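Hi everyone, thanks for making time today. I'd like to walk you through some helix packing and strand pairing, so let's get the structure up on the screen.

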Protein chains: 2
Amino acid sequence: MLNLSVLTDPGFNPHSLNKYASIMACGNGYMGIRATHEEDYTQQTRGMYLAGLYHRAGRNETNELVNLPDVTGIELQLDGETFTLLTGETLSWQRELAFENGELRRSAIWRSPKGARFRLDSRRFVSLAQLPLMAMQYSITPLDDQAQVSLKTGIDATQTNSGRQHLDEISVRVIGETGLQGIYETQDRASEVVISASCRLSAPAESCFSAKNRRLGCHHALTVQQGETVTLEKIVWVAWRSEKALSQETFAGHCMKQLDGCVQQGYDALLAESARAWQTVWLNSRVTVKADTPYDQMALDYAVWHLTAMTPAHDERCSIAAKGLTGEGYKGHIFWDTEIFLLPFHLFTRPATARNLLRYRWLNLSGAREKARRNGWPGALFPWESAASGQEETPEFAAINIRTGVRQKVASALAEHHIVADIAWAVVAYWQATHDDAFMRHEGLTLLMETATFWMGRAVEVNGRLEIHDVIGPDEYTEHVNNNAYTNYMAWYNVASALTFMRQFGCEESRFSESAARFLTQLWLPKANDEGVLPQDDTFMSKPAIDLTSYRAQAGKQTILLDYSRAEVNEMQILKQADVVMLNYLLPEKFDRRECAANLAFYEPRTIHDSSLSKAIHGIVAARCGDLAMAWRYWRDGTAIDLGDDPHSSDEGIHAAATGAIWSGAIQGFAGVQIVEGELHLSPALPQAWQQLHFPLKWRNASLEITVDSEALTIVTTEPVQVTVWGVTLTLAGQQTFLCKDFHLSVNGTATRKEGDDA
Amino acid sequence: MLNLSVLTDPGFNPHSLNKYASIMACGNGYMGIRATHEEDYTQQTRGMYLAGLYHRAGRNETNELVNLPDVTGIELQLDGETFTLLTGETLSWQRELAFENGELRRSAIWRSPKGARFRLDSRRFVSLAQLPLMAMQYSITPLDDQAQVSLKTGIDATQTNSGRQHLDEISVRVIGETGLQGIYETQDRASEVVISASCRLSAPAESCFSAKNRRLGCHHALTVQQGETVTLEKIVWVAWRSEKALSQETFAGHCMKQLDGCVQQGYDALLAESARAWQTVWLNSRVTVKADTPYDQMALDYAVWHLTAMTPAHDERCSIAAKGLTGEGYKGHIFWDTEIFLLPFHLFTRPATARNLLRYRWLNLSGAREKARRNGWPGALFPWESAASGQEETPEFAAINIRTGVRQKVASALAEHHIVADIAWAVVAYWQATHDDAFMRHEGLTLLMETATFWMGRAVEVNGRLEIHDVIGPDEYTEHVNNNAYTNYMAWYNVASALTFMRQFGCEESRFSESAARFLTQLWLPKANDEGVLPQDDTFMSKPAIDLTSYRAQAGKQTILLDYSRAEVNEMQILKQADVVMLNYLLPEKFDRRECAANLAFYEPRTIHDSSLSKAIHGIVAARCGDLAMAWRYWRDGTAIDLGDDPHSSDEGIHAAATGAIWSGAIQGFAGVQIVEGELHLSPALPQAWQQLHFPLKWRNASLEITVDSEALTIVTTEPVQVTVWGVTLTLAGQQTFLCKDFHLSVNGTATRKEGDDA
């Protein structure tokens with residue numbers, strides 16, 4: 001027994017419907033289904049999404065993740081009254097997502113306005129074993145008297161993305177006694193979705209079917225005796241394709257056959273099969289903690305759950321959306337979040353998936369080349385927002401200024417070019433963690449070359465040195481600056497890595513090497529000042545600072561923009577999120593501990609943390625600097641981004657990157673896992689609230705199990721592996737335990753690292 | 001004081017939300033707005049429609065009346081709780097549509113789940129004085145304590161037609177302190193809709209605006225003291241155009257200026273202005289009865305209300321949809337209902353509107369010609385379903401057979417050709433009632449000629465006589481028959497009228513006249529049998545009859561099709577609706593009273609009345625035959641089509657034709673108004689439940705006021721007019737009273753007409 005956490009919805013509340021629909025969403029990387037209640041509520045947004053299924057619904061719109069016809073809705077009538085938790089009385093309540101097997105369950109005893117009590121149980125899951133499969137059960141037990149029960153469910157294609165319709169209904173069918181099938185095509189005819197469902201009731205009922213106004217329905221009506229339970233079992237197969245090798249009829253027939261196979265197995269067997277797949281996930285990637293409160297373990301399980309549910313491990317033609325497969329925020333587009341916040345988890349637990357994510361970028365190189373070309377640069381300029389095609393998907397214009405009617409060009413797509421170097425960084429990290437030479441030779445070198453080529457063309461010569469002008473670094477509150485430290489260092493690292501790996505793999509081209517060598521010598525890399533603070537860009541240090549206390553208290557809500565215009569914010573020392581600190585995090589070999597601490601001390605008070613990506617990075621850097629109190633505070637704040645009290649924090653989906661950050665905060669923060677000069681380093685130091693931290697880690701061909709407590713670090717490895725532990729480089733095999741006291745570390749639970757131990 | 005009825009919603013019930021949203025809908029012929037509650041309910045369908053604004057939303061779809069962005073929704077939060085009548089307790093309730101001024105009002109005292117009581121009042125109307133104008137007020141009064149009130153409203157473009165989106169959002173703006181404006185275009189770019197709104201609160205509040213996901217919102221938050229009332233006044237201007245003479249900016253600017261003018265006037269002044277326009281309507285077309293129950297008067301007021309609200313009197317480029325402007329049933333298409341069921345009301349009360357409706361057909365002649373041509377016939381074959389362009393809009397295939405996956409061709413569009421003659425009939429009736437020679441010369445003759453030409457090409461020669469094969473008459477349960485009596489007689493009447501009027505207007509063409517004369521001589525007109533029964537078609541009389549009692553008991557629900565296939569029904573003596581009886585109604589001069597009574601006696605028991613168009617016609621013919629009991633039963637049944645108890649009767653909109661039938665049942669039934677040989681006939685006979693019937697009537701250049709009670713008929717006319725009263729032709733001037741006893745009529749309230757008095 002793994003004893004996994006459950007995520008609970010504390011009680012029905014109309015205000016938090018969409019938060020729980022997002023954070024308790026089920027998914028398997030192929031499809032995601034929001035955890036909406038079976039019955040409708042006016043403010044409840046249903047959602048079913050398929051990774052990579054994007055479409056543009058009209059003018060002034062961008063490609064977005066298509067909200068598919070709903071299959072989870074059930075309209076229940078009890079003695080003629082429509083069941084809703086808004087009326088009557090909820091006498092008992094339990095609603096939870098069980099991470100162990102991925103089952104979302106609700107169990108309630110409800111008293112109707114007429115006074116009769118009913119037990120209502122529902123369960124459902126999205127299968128991790130058979131990707132197109134969703135199954136659910138819905139049970140009704142009248143407790144006080146017999147009851148007239150009527151159930152209506154089916155395939156409801158009236159769903160939209162906030163009114164934007166993507167799908168044409170091509171045909172709807174009823175097949176056999178229990179089968180329903182709807183065939184839909186995106187309006188551009190590029191993709192076809194076939195939804196097949198079986199709806200079976202456990203007792204004889206008057207049943208009929210209907211098809212009208214994009215709703216294909218199955219209706220059951222029956223009398224249920226007091227104490228008897230009637231259960232609707234609905235099994236759904238959601239297939240899609242964008243090639244049409246088979247005829248529609250044949251394809252639809254195959255889908256029905258797949259569904260039939262599942263129906264034969266039945267809910268419990270299908271759940272068991274999926275639970276086994278989840279067990280493998282937990283064994284290979286679960287982080288366990290002994291902590292003062294079970295919340296921390298729950299947050300870590302929550303993170304791994306969504307890191308699995310959102311990641312299209314099956315298909316390298318798509319990547320991870322900013323809200324995973326849990327909602328429509330950011331239109332389901334893919335950002336740098338994937339490489340910087342999500343890839344580390346995969347790198348260290350399931351490197352094949354990390355490879356897939358990089359293959360996605362490689363497959364989409366043509367869009368990146370086109371974007372560079374259109375802007376007059378060589379190489380590959382990856383889109384700031386990406387969907388299925390690799391074209392730039394960032395809306396050309398931001399949301400309209402409703403006061404002036406003016407639409408502003410979106411600056412990120414124009415100038416937030418660091419994503420190019422971020423992808424190169426991820427390529428290097430992947431190779432370092434895997435030594436996957438085949439990947440480096442086939443895709444990696446191309447990615448490194450193309451990205452490096454971009455930077456070499458992007459830089460401009462000023463008085464004999466190369467500078468990078470007019471960019472936006474990760475801190476989006478400082479736009480259109482020159483020599484953003486993050487960008488320049490990462491570009492340098494990008495070009496240096498390209499050169500290194502081309503030499504290493506014997507692919508050197510003299511022209512490229514010469515240009516690269518010149519770039520590496522001449523590119524201006526901002527220097528730290530006497531206090532060790534690296535200036536964020538050419539002008540940042542000369543700007544005034546203001547008191548940010550009140551804005552920091554409402555971090556994430558961008559309240560600064562209520563008091564100042566963007567232009568004004570741009571002219572002050574105000575950071576939305578980690579920028580130099582982020583750089584310190586990504587390139588540990590480039591900055592010593594004193595510099596990191598100085599940057600943290602200088603920039604953190606100037607940072608509002610209005611981006612959900614900010615605090616986690618500060619936390620990891622703080623941990624590396626030995627400030628465990630700050631690290632802990634930011635780790636906990638990071639978990640609250642979706643798991644906190646704000647009932648609307650996650651209405652449009654979870655913050656995908658934040659789940660990566662929960663994992664990273666534990667592993668790259670408290671366990672001190674980092675790659676330095678291509679090698680694995682560990683320097684754990686647990687926060688006071690944790691007594692033990694345990695996690696698996698993949699490193700090249702070895703599988704490690706690492707256990708940290710306040711007194712010792714134990715590593716079990718399947719293969720001999722070189723690790724630098726608290727600054728001491730060792731080759732380990734089998735099981736080895738390191739006592740903190742041997743490394744002159746304090747053992748009081750707030751262990752500090754020895755000065756100079758790492759980086 | 002006209003003392004008009006109010007239509008009341010007896011109480012909040014989730015099951016009947018859409019019924020009352022339809023029957024209490026506001027409209028002015030230009031725009032219709034469903035009477036949805038301001039707060040959302042999951043099963044409540046909002047709707048705002050503009051006459052003539054159609055669009056096709058995708059493949060496998062047809063042109064449909066576009067459901068526009070919603071302006072009526074208001075999300076109200078009271079002390080943090082979202083207001084909904086599903087929770088808490090409704091302590092008092094009044095909801096009504098006042099026909100006098102067109103105001104829809106709700107007044108409720110509601111106790112929140114937390115226990116605090118609030119008075120909530122809302123009022124709104126669609127202006128009959130300024131067509132693009134809608135205004136509403138929404139008031140909140142905390143009764144027990146001060147309360148935190150938050151209101152959210154705006155322009156919500158997430159509305160769809162059951163998931164089908166027609167509009168692109170082009171821009172959204174906030175203008176000044178209270179103005180909102182959204183500009184939308186149909187996805188085919190043909191039409192542009194500009195919705196401008198002002199939202200003003202009666203008390204200072206924290207206010208802000210938002211624009212996201214097709215929702216342009218205006219938010220107010222404030223504290224309201226106990227006993228104080230805060231009122232939101234929202235004024236909305238809904239403009240659309242399909243020509244783009246002005247720039248979008250200029251057009252939008254004009255809209256804002258119009259809105260500003262209305263805002264200056266304010267709700268009460270705007271309502272008074274609209275009420276004055278309604279007063280004119282009531283003076284010119286209200287039917288009043290002294291009856292045993294006020295229900296009858298309410299039904300008559302209800303009919304005139306919707307006959308006005310649904311009719312685009314302002315624009316001859318559109319006509320009346322099958323559900324008026326109250327819902328999306330039949331996609332908002334225009335059927336023969338307009339000419340046969342709705343035109344008589346306009347003809348006799350506002351002939352200019354009747355002229356517009358015929359102009360609509362004339363403007364769309366090219367579509368009718370095209371349809372004829374495509375099918376190999378000359379002349380004009382008007383589409384069975386029509387929208388903006390005059391093209392055939394009937395879906396080529398009926399709803400899919402979800403069992404077989406087969407879509408069946410829709411038979412109506414293929415063979416229900418009588419609509420051609422129905423339109424010709426309406427042209428003749430219009431000229432008879434108005435002597436509008438200009439119309440006849442310009443549009444009427446063309447319509448008569450083109451329709452007559454169609455019939456001459458449509459008929460086939462069989463053994464020396466002309467027959468019309470493979471048609472569907474009004475009775476749609478009998479498909480693809482030869483020599484349907486209704487069709488043949490109406491075609492004959494069509495050709496005869498064309499010939500007559502061409503001669504009368506000196507436009508005779510010898511070739512047409514010769515063909516017409518031959519057609520009129522040779523067309524086979526089925527003959528009545530010895531009992532006086534006219535056979536419905538060549539084969540009807542030889543088919544078996546079955547007991548229809550159980551199906552008749554559920555008239556309107558098409559339950560026969562649960563037991564028999566359409567093919568089986570076709571082979572039995574089963575009528576969906578009036579067919580020969582309808583013919584008797586339309587051509588009174590062709591059939592004597594004995595024949596009418598014989599047809600009624602024969603066909604009525606064989607008729608299920610599954611069409612809402614059936615009973616009213618039977619009622620009128622029954623009244624003409626003196627069977628007032630039957631006439632009364634059917635009139636009352638006709639009112640119940642929308643006003644009856646069925647909570648779902650009108651979910652997709654009211655039955656437009658049924659409102660015409662309520663008027664016709666009174667005027668053409670009980671008052672015995674008919675046009676015979678081109679002249680006005682009256683032979684009133686009131687049902688027992690009515691003591692008096694009063695109504696205005698236009699006849700050529702005269703305005704008549706007619707009063708009927710059990711003893712006398714009084715006619716007041718503005719001009720001398722020739723009328724045949726109870727079979728006696730007289731020329732009247734001023735006021736004249738006829739005593740029933742002078743005509744040897746019984747005066748016991750069930751007056752029967754003298755045998756042979758009329759037709």
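Let's start with a pair of helices in chain A. Helix α19 (residues 628-643) packs against helix α20 (residues 656-670) of chain A at an angle of about 160°, and their axes are 8 Å apart. That makes α19(A) roughly antiparallel to α20(A). The crossing of these two, α19(A) and α20(A), is left-handed. On the α19(A) side the contact includes A:Leu628, A:Trp632 and A:Trp635, and on the α20(A) side A:Ile662, A:Gly665 and A:Phe670 are among the residues involved. By class, the contact of α19(A) with α20(A) has 10 nonpolar, 3 polar and no charged residues.

A quick word on provenance and terms. This is a predicted model, in which local features need pLDDT of at least 70 and side-chain atom pairs count only at pLDDT 80 or more, while totals for chains, interfaces and linings use all residues. Residues are numbered from 1 along each chain as its sequence is written, chains are lettered from A and ligands numbered from 1 in the order in which they are written, and side-chain values use heavy atoms, with hydrogens and water left out.

Helices (H or I, at least four residues) and strands (E, at least two) are DSSP runs, numbered from the N terminus. Axes are lines fitted to C-alpha atoms, for helices over the stretch in contact, and angles run from 0 to 180 degrees between N-to-C directions. Under 35 degrees counts as roughly parallel, over 145 as roughly antiparallel, 65 to 115 as roughly perpendicular, and the rest as oblique. Left-handed means the near helix is turned anticlockwise from the far one by less than a right angle; clockwise is right-handed. Contact means heavy atoms within 4.5 Å. Ala, Val, Leu, Ile, Met, Phe, Trp, Tyr, Cys and Pro count as nonpolar, Asp, Glu, Lys and Arg as charged, and the others, Gly among them, as polar.

Now to chain B, and another helix pair. Here α8 (residues 418-434) and α10 (residues 485-504) of chain B pack at an angle of about 45°, with axes 9 Å apart. α8(B) and α10(B) are therefore oblique to each other, and α8(B) passes α10(B) in a left-handed crossing. Among the residues that meet are B:Trp425 and B:Trp431 in α8(B), and B:Met490 and B:Phe501 in α10(B). This contact of α8(B) with α10(B) divides into 11 nonpolar, 6 polar and 1 charged residues.

On to strands, which pair if DSSP finds at least two bridges between them. Back in chain A, an open sheet of 5 strands runs β8-β7-β13-β18-β17, with antiparallel pairing. β8 (81-82) and β17 (206-212) of chain A are at the edges, each with a single partner strand, so one side of each is left without a neighbour in the sheet. Strand β7 (residues 74-78) of chain A is joined to β8(A) by 2 bridges, and A:Gln77 has A:Thr82 in β8(A) as its bridge partner.

Let me finish in chain B. Which way do β25 and β26 of chain B pair? Strand β25 (residues 674-676) and strand β26 (residues 679-682) of chain B pair in the antiparallel sense over 3 bridges. They form a hairpin with 2 residues between them, and B:Glu677 in the turn has a positive phi of about 50°. By contrast, β26(B) runs parallel to strand β29 (residues 712-725) of chain B, joined by 3 bridges. There, B:His681 is partnered by B:Thr724 in β29(B).
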